[in-house]
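Dear colleague,

I am handing over the structure below, and after it I go through what was found, region by region. Please keep it open beside you as you read.

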Amino acid sequence: MTGQEKAQGPKHKKDLTRRKVIIAGAGAVLAAGAGGSFAAGAFAGEETAAAKGKASGTSGEACYKLTSETTEGPYYIDADKLRRDITEEQEGIPLTLRLKVIDADTCKPLANAAVDIWHCNALGVYSGYEAMGSGGGGGGGGTPPSGTPSGTPSGTPTGSPTGAPPGGGGGGGGGHEEPTDDERYLRGTWRTDKKGEVVFRTVFPGWYQGRCVHIHTKVHVNGTWTEAGYEGGTTCHTGQLFFDEASVLATAEVAPYSTNTTTRTTLDEDTIYPGNGTEGGLLKLKYKKGAIAKGVDATLTMGVDPEATQDGTGGSAQPGASAPASASATAS
């Protein structure tokens, strides 16, 4: 990992970029967790925590800590499909991701915000960048590895812009990479409801060289929802969502994750994860012990500053200053 890949200090500048996403067909539906067993009360504990924070806070003190800003990574595509089920028949453990977006200062939910998520598949490959390969190979095409990983990682990760996908394969800096193909699996955008909640159906991400298991996310506000999708607005949060070590080790026993021989970076070894729990994007997970293959339910409340504009480098921009246009590509 390079210094560019580490979260940078706050900077403020205005982002006046235009966003437009393509609406999926009416057949796209919200899928419940495996067997529908995870649907009830997913946010109850987090809402209570937020309320407690507000009650115990003093005048002028934020009611909820801001969720950590992290780098966008090189594999963001600003033209994803507007949908909640982003699986596209990708193999892997079913994952229901439930996010709640709130104003960290007032704890009020942010309704009608656009939330992007994108992540690699079970073998560490990002759609749109299949030519970059999986877990290394210097950016070559590569063939998904075979074999069984050891229960714990061996040695210190050696991932770098020269030994792994550019910029750490989607986790760090290194600049935006232009897409190499038209695939768009495991990418999507959806709006928050009046409670600030949004739910996605996907698969548990895999891993690649130099990074722990993670999901990328962005939150956009002040845009316009139209028949064509979501346009305009600003990006008030750019972050990553993380998984605890026990859950990742459990997935490593399940195909196709078990065929990934890439050296795995743990959460503690990762250079992007801030190490501060839920505030840093660490997801709360629910799954049946010994049966993770049946599905995982992941939840997180994200406290954001709707007045800020994030530049995708782990910092924000001063209101009134200009910002570079976010990377975009038209999905065909």
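Before the residues around the cavity can be listed, one term is needed: a cavity is a set of grid points where a 1.4 Å probe fits but cannot get out, and a residue counts as lining it if the residue has an atom within 4 Å of a point. Please also keep in mind from the start that this is a predicted model.

The cavity

The structure holds one cavity of 30 Å³ or more, and the volume of the largest cavity is about 40 Å³. Which residues line the largest cavity? They are Cys212, Val213, Phe243, Glu245, Val248, Arg264, Thr265, Thr266 and Leu267. Sorted by class, this lining is made up of five nonpolar, two polar and two charged residues.

Strands of a sheet pair through backbone hydrogen bonds, either parallel or antiparallel. In this model there is an open sheet of four strands, in the order β6-β3-β12-β11, and its pairing is mixed. The edges are taken by β6 (197-203) and β11 (284-286), each of which has a single partner strand, so one side of each is left without a neighbour in the sheet. From one strand to the next, the twist averages 20°.

β3 then pairs with β12 in the parallel sense, over nine bridges, with isoleucine 102 opposite glycine 303 of β12.

Arginine 187 and histidine 216 are 29 residues apart in sequence, while their C-alpha atoms are 9.5 Å apart in space.

The loop between α3 and β11

Two residues deserve a look in the loop that runs from α3 (245-251) to β11, and one of them is aspartate 270. Aspartate 270 is buried, with a relative accessible area of 7%, and a polar atom of its side chain lies 2.9 Å from the backbone nitrogen of isoleucine 272. The other is proline 256, which is found in that loop as well, and which is joined to alanine 255 by a cis peptide bond with an omega of about 5°.

Residues with positive phi

Glutamate 88, in the loop between β2 (81-82) and β3 (94-103), has a phi near 50°, which is a positive value in a residue other than glycine. At 34% relative accessibility, glutamate 88 counts as partly exposed. Asparagine 222 is not a glycine either, and has a positive phi of about 65°; asparagine 222 is found in the loop between β7 (214-221) and β8 (224-226), where it is exposed, with a relative accessible area of 66%.

Separations along the chain and in space

Methionine 132 lies in the loop between β4 (114-118) and α2 (166-169), and at 9% relative accessibility it counts as buried. Methionine 132 and glutamate 177 are 45 residues apart in sequence, and from C-alpha to C-alpha they are 9.9 Å apart. Glutamate 178 is placed in the loop between α2 and β5 (187-191), and at 52% relative accessibility it counts as exposed. How far apart are the C-alpha atoms of glutamate 178 and tyrosine 76? They are separated by 9.1 Å, although the two residues are 102 residues apart along the chain.

With kind regards

Key:
Residues are numbered from 1 along each chain as its sequence is written. This is a predicted model: local features need pLDDT of at least 70, side-chain atom pairs count only at pLDDT 80 or more; totals for chains, interfaces and linings use all residues. Side-chain values use heavy atoms; hydrogens and water are left out. On a 1 Å grid over the protein atoms alone, a cavity is a set of points where a 1.4 Å probe fits but cannot get out, and a pocket is an open set with protein on both sides within 12 Å along at least five of seven lines; lining residues have an atom within 4 Å of a point. Grid points are joined across faces, edges and corners, and a volume is the space filled by probe spheres set on the points. Ala, Val, Leu, Ile, Met, Phe, Trp, Tyr, Cys and Pro count as nonpolar, Asp, Glu, Lys and Arg as charged, and the others, Gly among them, as polar. Two strands pair if DSSP finds at least two bridges between them. Axes are lines fitted to C-alpha atoms, for helices over the stretch in contact, and angles run from 0 to 180 degrees between N-to-C directions. Buried means under 20% relative accessible area, exposed over 50%, partly exposed in between (1.4 Å probe, protein chains only). A polar contact is a pair of N or O atoms within 3.5 Å; within protein, one must be able to donate a hydrogen and the other to accept it, and residues adjacent in sequence count only if both atoms are side-chain atoms.
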